[in-house]
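Open the model in your viewer and keep the selection tool at hand. The stops below run from the whole chain to single residues.

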Amino acid sequence: MIVVAIFIFATVFVVLHHAEAVARRLGEPYGTLLLTFSVTAIEASVIVSMMLHGENNPTLARESVFSTVMIVCAGVVGVCLTLGGLKHRYQDIKRQGTNASLAVIMALTVLTLILPNYTLATSPGTFSASQLAFVSVLSILLYGAFVFAQMVRHRGDFIEDLTSSAEHEAHVSKGGNVATNVLLLFVGLAGIVLLTEQVAGSIENGLEFLQVTQADAIVGFFVAALVLMPEAVSAVRAALNNELQRGLNVALGSACATIGLTIPAIGAASLLTGRSLTLGLGPGDTVLLILALAISIVSFGTGRTTMLTGLVHLVVFVAYLFLIFVP
């Protein structure tokens, strides 16, 4: 287990190196989106493979997606704001882009993780087949609209300064072969998938042996944490370099992609295999989710963040971690 963890950490930094090389070649936000798409595809494949492995586990996908949102909105954002505030005192962000990301996250989380508790077609916490298909399509369409706005329609809302063509050419001339970087990026992410599946499987077997009641929540957290590690490190690096907007694009973009793409993937797997899927969160997790999203709205409302702003996010994240192990 320790050896596998060391390999995962090493692979993360290899992935980061090639992701940053691709970002320099493509410019923002294209490089960030490539990393986000890649990591989300990896997480979806891990969740689906674990969901279909052995006996049906209807809540594992929910716990993984919920963990991703909490790790991003409370943990990664908290670390970015705290360290960035300590080093630079104040940091400015683009409110238009950040608020757009938060709006997408809020809509997707409520539709997929809270709404199932209040529908009437099936038992609480679940969707009927038609409802699941409908919400999956809505998630894809909303995330597609978000990507279009970030890449084309309102690109300036998501980057601090639009790079001139001359500066972009200078960045391009410094990089190597972009195709090689992209290939090695995907190879590294595939390695993280295989290693994460091995670690998650071992953790799940150990928790079952110990008869731990919160096994799904713990496994979901570890899967999300390991898969999100490249994006988390990239976001923190950006905040320390006083590029907080880029860090938030990475962090919040990963949360949007996780819900917008992973939920349809696991929904399709559920519909095709006939395995039940429970998406509705429990009362305690619902409170934590709403709290994390509400704090995010307040934190980014002024367009300027401080260390105190980050500490508030970290307090919520610590509470989330504590309640995983002591529900």
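The tour starts with the ground rules and the overall fold.

This is a predicted model, in which local features need pLDDT of at least 70, side-chain atom pairs count only at pLDDT 80 or more, and totals for chains, interfaces and linings use all residues. Residues are numbered from 1 along each chain as its sequence is written, and side-chain values use heavy atoms, with hydrogens and water left out.

**Whole chain**

Colour by secondary structure. The protein has 11 helices and 2 strands. Helices (H or I, at least four residues) and strands (E, at least two) are DSSP runs, numbered from the N terminus. From that end, the order is α-α-α-β-α-α-α-α-α-α-α-β-α.

Now show the surface. Of the 327 residues, 51% are buried. Buried means under 20% relative accessible area, exposed over 50%, and partly exposed in between (1.4 Å probe, protein chains only).

Contacts (heavy atoms within 4.5 Å) come next. Among those with a separation of 6 or more, 84% join residues 24 or more positions apart.

**The nonpolar core**

Select Met70, Leu252, Ile266, Leu289 and Tyr320. These have the most contacts inside the largest nonpolar core, which has 62 residues. A nonpolar core is a set of buried Ala, Val, Leu, Ile, Met, Phe, Trp, Tyr and Cys residues joined through side-chain atoms within 4.5 Å. Elements giving it two or more residues include α2 (30-52), α3 (60-88), α4 (95-114) and α9 (244-273). The most come from α3, with 13 residues. Another core lies apart from this one; its 6 residues include Ile42, Leu60, Val223 and Val227.

Zoom in on Met70. Beyond residues up to four places away in sequence, Met70 touches Gly75, Leu288, Leu289, Ala292, Val316, Phe317 and Tyr320.

**α10 against α11**

Select residues 283-299 for α10 and 307-325 for α11. How do their axes cross? They come within 10 Å and cross at roughly 170 degrees. Axes are lines fitted to C-alpha atoms, for helices over the stretch in contact, and angles run from 0 to 180 degrees between N-to-C directions. The pair is therefore roughly antiparallel (over 145 degrees).

Show side chains. On α10, Leu288, Leu291, Ala292, Ile295, Ser296 and Ser299 meet Thr309, Val312, His313, Val316, Tyr320 and Leu323 of α11.

**Two buried stops**

Go to Ser136 in helix α5 (residues 129-153). Ser136 counts as buried, at 8% relative accessibility. Leaving out residues up to four places away in sequence, its contacts are Ile263, Pro264 and Gly267.

Next, select Pro116, in the loop between α4 and α5. Pro116 is buried as well, at 0% relative accessibility. Phe127 is 11 residues from Pro116 in sequence, and 5.8 Å away C-alpha to C-alpha. Phe127 is also one of the residues Pro116 touches, as are Leu279 and Gly280.

**Two positive phi angles**

Most residues other than glycine have a negative phi. Select Arg89, in the loop between α3 and β1 (91-92). Its phi is positive, about 70 degrees. Arg89 is exposed, with a relative accessible area of 61%.

Finish at Asn242, in the loop between α8 and α9. Asn242 has a positive phi of about 65 degrees. It is partly exposed, at 41%.

Methods. Angles under 35 degrees count as roughly parallel, over 145 as roughly antiparallel, 65 to 115 as roughly perpendicular and the rest as oblique.
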